[in-house]
Amino acid sequence: MDLLPLLLYVVAGAAYAVYFARRSARVGRLATASLAAAALIHTFVVGMRTVEVGYVPFVGTAAAISAFVWLLAVAYLYTEVTTDERAMGVFIVPLLVVLQAVSALSDGSIEPTPVLDSPWFFFHVSSLLFAYAAFALACVVGITYVLLFRELKSKRLGFFSARLPSLQVLDAMNGRAVGVGWLFLTAGLAVGAVWLYQLQPDTADPRVRAMSFFDPKIFVVLLSWLVYSFELYARRSIGWSGKRAAWLSAFGFSIVLLNLVPIGYFLTDSHNF
Amino acid sequence: MDLLLLGVSHHTAPVDLRERVDFTKRGVIEALRELATGPAPTEAVVLTTCNRAEIYVACEDAVSMRADLARFMSRFHDVPAPDLAPHLYAHHDADVARHLFRVAAGLDSLVVGEPQIFGQVKEAFSTASAQRRTGALLNRLFTRSFSVGKRVRAETGLGEGAVSVSYAAISLARKIFRTLKDRAVLVVGAGEMAELTATHLRSQQVRRIAVTSRTLARAAALARKVDGTAVDWTSIDDELLTADVVVTATGAATPIITATTINRVMRARRNRPLFIIDIGLPRDVEAGAGELEQVFLYNIDDLRAMISENLARRREQTTQAETMVSEEVAEFVAWLRTRGTIPTVVALRRRFEAVRQAELTRLAPKLNGLSPEARARIDEITRLLIQKLLLTPTERLKSAADEAMAAQFAEAVTQLFDLRDDPHADTPDSVPDTSEGSPSPSTSKTPVTS
């Protein structure tokens, strides 16, 4: 069921690439339209899953990644419509394609888990996924910042300077995305901690009993929280904006991705549903 | 109706002659008024820029109009005809479209792809339009030229990249800061280059321009010109703390701003980006300063290299732009051709309608016995019948492959239906409509068998 959105994400990705290379307004509109169509179909898929299993389909790494892709697509579309800036699509959409492919090609069967039948679950997972989507945007904006920065520094203007907004705009977008992401990450972690505190004394689920700071998934997400906290602090207090902030947000997101794909699939024992 | 263009431009005339035929001196409106009462009573547009002076008209006889317009130009600008004649060029119909489309796209400009000309063409048209000096032909011609200009700019890189030092500096600044509004500028030096760049920056509505020079009086003079503030030479370091853009253009033999100074300043600025444009020769800022992280240092050679690269890139784009122009010209010519067949189409429809009316009148005594609904029905059926019969011939006439074919078709239809004596036939600007008009006297004689 995840294949149709994947196909549309591929089409959108190709259209964004052609738009970026040729800058034809018509192709740009086509790119936006196909991404919007992909997000819409994806919404239906997520909605149907919800009806099927009775709660939001965040259970299982494949479903969580798919939900993340959906959130990121919606968040990006919102950014594009509000800023009228389409150049970023060529960097975001390939990420959607890869993650959606990972999700669509893996085993999507869902076993009902009684412990997740709680309102905490929805708040915990949705705020974390939203935070990840914001960090993904920050990472992409950071990469484009570095690309434009290099062109301006090497004094060989051309490809990127003709297509990207100014360094100041990219830096501000990065700061805002990291700020929003950090808030949701903090909220998601806090909700998770409180929920765990409530559950642990009398749960029968061995996975919940085994949860601690040293579970890879929890450890790595705390690491990413530290990275983003440092980025926000450094931006405000020691003038680490621009290129350094861009690198930090790329580094932070690589940790997030680590959590989402390899750890989610292979490494975690306790925090795996 | 034909299209005709007569003009001079930087391709055909030296600057002193171009200055003498500049329409802005006496005013474009005055020129339009004199054209209306003189050689071009129907439609005219006057396009005038520092590189061209052109008159676009719609006329019946292109040959005599060309001579009339040449005389008009010479009289209006008070330039003897023999001085003007060798520099004039004239175009007719499709070539007028090609010329104007190339002009609007920036292909005919001195600096290929420069953007101002597009606005100038628009202004020329809106001035003429406001004076009610444009009609079906020039309206179509100019509105098409706007979409050609837009299309070329959107789909090719023809207008991209700065091609002057000041503009290059500003476009660079816009890639670092989103806008120059609310930015502080420091100008070091008060010479000609400093003034030119400062004036350009002023036009970007910067928040503050501070000017400094070894002689404060010169700094003050430039500050007055660009609405800035003169500051003391010794306070350069303080100014560097607040400035976002620094322009240096002094004649100093050794660098006046060292890398060490900039390094110290950047730490105090907490790495806020600093854009330095060093157009002094020899250089005013030590090259090492450009290696600091948030310092963007461009010297005159860097800017010139950018410009020549941009010019080369623009030249590469011209082929693609020319192809677009050709496509648009073909479309315009097709439209022109359909216009040529409109009188025939109108006459044919009038003829058929007249026959219908004549028949209805002839049958009136018999029809009077019917109910009003039945009579309306008969009216409607006969009208639809004519519309359907004429649909294919009308389309064929309008879509004739070339001008000769269109003329042959029109002639054949005129002969076959004896349209030549129709007194209302020659109204090219009226829209053919089967429901209009009353029977003309000539048609009542048409033999009809019932």
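Here are legends for a handful of close-up views of this predicted model.

Since this is a predicted model, local features need pLDDT of at least 70 and side-chain atom pairs count only at pLDDT 80 or more, while totals for chains, interfaces and linings use all residues. Residues are numbered from 1 along each chain as its sequence is written, chains are lettered from A and ligands numbered from 1 in the order in which they are written, and side-chain values use heavy atoms, with hydrogens and water left out.

**View 1. A nonpolar patch on chain A.** Leu40(A), Phe44(A) and Met48(A) make a nonpolar surface patch of about 340 Å². (Patch residues have over 30% relative accessible area and no salt bridge; like charges are joined within 9 Å, and nonpolar side chains, meaning Val, Leu, Ile, Met, Phe, Trp and Tyr, within 5 Å. Areas come from the Shrake-Rupley method with a 1.4 Å probe, and for residues only the protein chains shown count as cover.) Look for Met48(A) in helix H2, residues 25-53. (Helices are DSSP runs of H or I with at least four residues, strands are E runs of at least two, and both are numbered from the N terminus.) Met48(A) has a relative accessible area of 46%, so it's partly exposed. (Buried means under 20%, exposed over 50%, and partly exposed in between, with a 1.4 Å probe and protein chains only.)

**View 2. A salt bridge between Arg26(B) and Glu34(B).** Side chains of opposite charge can pair when their charged atoms come close. Here the side chains of Arg26(B) and Glu34(B) meet at 2.9 Å, N to O. (A salt bridge puts a side-chain nitrogen of Lys or Arg within 4 Å of a carboxyl oxygen of Asp or Glu.) Arg26(B) is partly exposed at 42%, whereas Glu34(B) counts as buried at 18%. Over all chains, the structure holds 30 salt bridges.

View 3. Arg102(B) forms a salt bridge with Glu322(B), and their closest N and O atoms are 2.8 Å apart. Glu328(B) sits in H13 and Arg151(B) in helix H7 (residues 136-155), so the pair ties together parts that are 177 residues apart in sequence. Salt bridges that share partners join Arg144(B), Arg151(B), Glu155(B), Glu327(B), Glu328(B) and Glu331(B) into one network. Glu328(B) counts as buried at 7%, while Arg151(B) is partly exposed at 23%.

**View 4. Asp93(B) and Val333(B).** These two are 240 residues apart along the chain, yet their C-alpha atoms are separated by 8.0 Å. Asp93(B) lies in the loop between strand E4 (89-92) and H5, and is buried at 17%. Its phi is near 40°, a positive value in a residue other than glycine. Val333(B) belongs to helix H13, residues 300-362, and counts as partly exposed at 21%.

**View 5. A cis peptide bond in chain B.** The bond joining Leu281(B) and Pro282(B) is cis, with omega about -5°. You'll find Pro282(B) in the loop between strand E9 (274-278) and strand E10 (295-299).
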